[in-house]
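Visitor: I have a model open in my viewer and would like to learn how to read its features. Could you walk me through it?

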Amino acid sequence: MHQINPNKLLLSKWTSTSPQQKEKHFIVTKLIRDEDDIVVECVLEAVINKNQYYLPWQTLASPDDWLQGWK
């Protein structure tokens, strides 16, 4: 598992290890915070077609699913 600081995720780049519909490269475009200003989710946007996906930021820590940067 990668060490990830959720407050530094905005505009970071990620590569999916199991691309769906040719969506391999993503960028974090938004951070969703709770009422205590803690990051709970992030919005990933596919570079190829601009589709957006909401997911818990902790999901990005799994090297089986995500690689940091564009590989």
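This is a predicted model: local features need pLDDT of at least 70, side-chain atom pairs count only at pLDDT 80 or more; totals for chains, interfaces and linings use all residues.

Visitor: Which residues of the largest nonpolar core touch the most other members?

Guide: In soluble globular proteins, nonpolar side chains tend to be buried together. A nonpolar core here is a set of buried Ala, Val, Leu, Ile, Met, Phe, Trp, Tyr and Cys residues joined through side-chain atoms within 4.5 Å. Buried means under 20% relative accessible area, exposed over 50%, and partly exposed in between, using a 1.4 Å probe and protein chains only. The largest core has 15 residues, and Leu-9, Trp-14, Val-28, Leu-44 and Leu-60 touch the most other members. Strands β2 (23-33) and β3 (39-46) each supply at least two residues of this core, and the largest share, 4 residues, comes from β3. Strands (E, at least two residues) are DSSP runs numbered from the N terminus.

Visitor: What lines the largest pocket?

Guide: The search runs on a 1 Å grid over the protein atoms alone: a pocket is an open set of points where a 1.4 Å probe fits, with protein on both sides within 12 Å along at least five of seven lines, and lining residues have an atom within 4 Å of a point. Here the lining consists of Ser-16, Ser-18, Pro-19, Gln-20, Glu-23, Phe-26, Leu-44, Tyr-53, Leu-55, Asp-65 and Trp-66. The volume is about 160 Å³, where volume is the space filled by probe spheres set on the points, and points are joined across faces, edges and corners.

Visitor: Which strands supply the lining of that pocket, and how many residues of each class does it have?

Guide: β1, β2 and β4 (52-56) each supply at least two lining residues, and β1 gives the largest share, 4 residues. By class there are 6 nonpolar, 3 polar and 2 charged residues. For these classes, Ala, Val, Leu, Ile, Met, Phe, Trp, Tyr, Cys and Pro count as nonpolar, Asp, Glu, Lys and Arg as charged, and the others, Gly among them, as polar.

Visitor: Which backbone atom does the side chain of Ser-16 reach?

Guide: A polar contact is a pair of N or O atoms within 3.5 Å; within protein, one must be able to donate a hydrogen and the other to accept it, and residues adjacent in sequence count only if both atoms are side-chain atoms. The side chain of Ser-16 reaches the backbone nitrogen of Ser-18 at 3.2 Å. The backbone oxygen of Ser-18, in turn, lies 3.4 Å from a polar side-chain atom of Gln-20. Gln-20 is also in β1, and counts as exposed because its relative accessibility is 53%.

Visitor: What does Glu-45 touch?

Guide: Glu-45 lies in strand β3 and counts as buried because its relative accessibility is 16%. Beyond four places in sequence, Glu-45 is in contact with His-25, Phe-26, Ile-27, Thr-29, Lys-50, Asn-51 and Gln-52. With Gln-52 there is a side-chain to side-chain polar contact at 3.1 Å.

Visitor: Where does Lys-50 lie, and what is its phi?

Guide: Most residues other than glycine have a negative phi. Lys-50, in the loop between β3 and β4, has a positive phi of about 70 degrees. Lys-22 also has a positive phi, near 65 degrees, and lies in the loop between β1 and β2. Lys-50 is exposed at 53% relative accessible area, and Lys-22 is exposed at 71%.

Technical notes
Residues are numbered from 1 along each chain as its sequence is written. Side-chain values use heavy atoms; hydrogens and water are left out. Contact means heavy atoms within 4.5 Å.
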